[in-house]
Amino acid sequence: MFDTLHEVTAMTITLLKPTPSDAAPATGLAEPAIEAATPLPTPQALRQQLPLDGELRQRVATQREEVKAILDGRDDRLLVVVGPCSVHDPKAAREYAENLSVLARQVEDQLLLVMRVYVEKPRTTVGWKGLAYDPHLDGSDDMAHGLAQSRALMRDVIGLGLPVATELLQPMVASYLDDLLAWTAIGARTTESQVHRELASGLAAAVGFKNATDGGTQVAIDAIQAAAHGHRYPALSASGAPCLQHTPGNRHTHVVLRGGHGEPNYQAEHVAATRRALEAAGLTPRLMVDCSHANSRKDHRRQSEVLLDVLDQRLAGETALCGVMLESQLFEGRQPLKPGAMRYGVSVTDACIGWETTEHLVSLAAERLR
Ligand SMILES: O=C[C@H](O)[C@H](O)COP(=O)(O)O
Ligand SMILES: C=C(OP(=O)(O)O)C(=O)O
């Protein structure tokens, strides 16, 4: 199935170097800084190759509505975005999804579980950028294959009955995957970006804007306001042609508190302050707490204490808290990315809690909310 894409990847086009008469004599500024361009399939071609059939399309529509009902306060269940920090092994991700789909049914009276299928990773400096970019984990950047693997995996997760969450990082990647998503993150490193706010304004899925990496929440509140408006911005159409995209605006957005610079911001005083800031901006206060990242001080074992605190706040009547996020894998911890010497089901980005702890925490959350 992926042969065609592989063939496309193999054809690398070397960009035309300027002729001597084009070159800028003194500065050399006319030299292109891009070394090569590798063709990718158009979003339309990939969607045709890995289509979402009528039943699955309807399922995604229903999943999106379920998430939005929670954000609108029409459903008082807790939204739980849970799964690996990043997917690097689709086989392990499918096994994880099978486990999660069973758990989701056991807790569905109290919780709506949405699986993190994160295939793009924002990096603080440099590092592996995710399955969509480098599926062979070796720097070969076979993105045509990575996009196909990402799409196929997300489709299988939906087939298991689970809604899919991802972070959308590179706006062009969104058009390969966005028909599959029930919930989307705009990450801490991009919430302030106008380009990402424009992207969010045209998504059919709900969007969570993370607070900034320094802990600042105002950028996420500004992002909610920006994304609620319609925008017009240049983009590539599904068939790969440049176009001016017109978006309607997205009202189903919310803040995600993830802490900043090693300091948590999940506690009641932070939640109350964010609630007041949202109300002052004329916005409906709705918040998700990310139990990982700076909220856990990057120690996966502390995600449980964050979750328990958030549950206490909910039970004490904090209705703005409509969701939580957990970073979880089949097995706990993290490992360096060393192809050929990897442990199955262990994160290669941030450390995660393992499946047993995940099952225990999610069941406990449902039990406490009952
Ligand atoms: O969620 C994952 C990481 O926190 C994020 O991608 C940044 O990773 P890095 O600091 O390891 O680059
Ligand atoms: C990168 C992530 O989070 P943040 O943007 O909060 O760092 C993530 O959730 O994978």
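How many nonpolar, polar and charged residues make up the shell around ligand 2?

**View 1. Around ligand 2.** This is a predicted model, and here we zoom in on what surrounds ligand 2. The shell divides into four nonpolar, two polar and four charged residues. Cys-85, Tyr-118, Pro-122 and Ala-188 sit around the ligand, along with Gly-187 and His-293. Glu-167, Arg-189, Lys-210 and Arg-258 complete the set.

**View 2. Around ligand 1.** Now for the surroundings of ligand 1. Its shell has two nonpolar, four polar and three charged residues. Look for Cys-85 and Pro-122, then Lys-121, Arg-123 and Asp-350.

**View 3. Helix H7 and its neighbours.** Helix H7 covers residues 194-201, and six of its eight residues are buried, so the rest of the structure largely encloses it. The buried ones are His-196, Arg-197, Glu-198, Leu-199, Ala-200 and Ser-201. What do they pack against? Their partners are helices H6 (171-177) and H8 (218-228), plus strands E6 (183-186), E7 (206-210), E8 (232-236) and E10 (253-257).

**View 4. Inside the largest nonpolar core.** This core has 93 residues, and Val-80, Leu-113, Val-114, Val-117 and Val-164 have the most contacts inside it. Helix H5 (residues 143-159) gives the most to the core, with eight residues. Leaving aside residues up to four places away in sequence, Val-80 touches Leu-111, Leu-112, Leu-113 and Val-114, as well as Gly-323, Val-324, Leu-326 and Val-362.

**View 5. Two domains.** The protein splits into domain 1 (1-39) and domain 2 (43-369). Taken over C-alpha atoms, their centres are 34 Å apart.

Methods
Residues are numbered from 1 along each chain as its sequence is written. Chains are lettered from A and ligands numbered from 1 in the order in which they are written. This is a predicted model: local features need pLDDT of at least 70, side-chain atom pairs count only at pLDDT 80 or more; totals for chains, interfaces and linings use all residues. A residue is buried if 20 or more other C-beta atoms lie within 10 Å of its own, exposed if 12 or fewer, and partly exposed in between; C-beta atoms are placed from the backbone. Helices (H or I, at least four residues) and strands (E, at least two) are DSSP runs, numbered from the N terminus. Two residues are in contact if their C-beta atoms, placed from the backbone, lie within 7 Å. A residue is near a molecule or strand if its C-beta atom, placed from the backbone, lies within 6 Å of it. Ala, Val, Leu, Ile, Met, Phe, Trp, Tyr, Cys and Pro count as nonpolar, Asp, Glu, Lys and Arg as charged, and the others, Gly among them, as polar. Domain bounds come from an automatic or database domain assignment. A nonpolar core is a set of buried Ala, Val, Leu, Ile, Met, Phe, Trp, Tyr and Cys residues joined through C-beta atoms within 7 Å.
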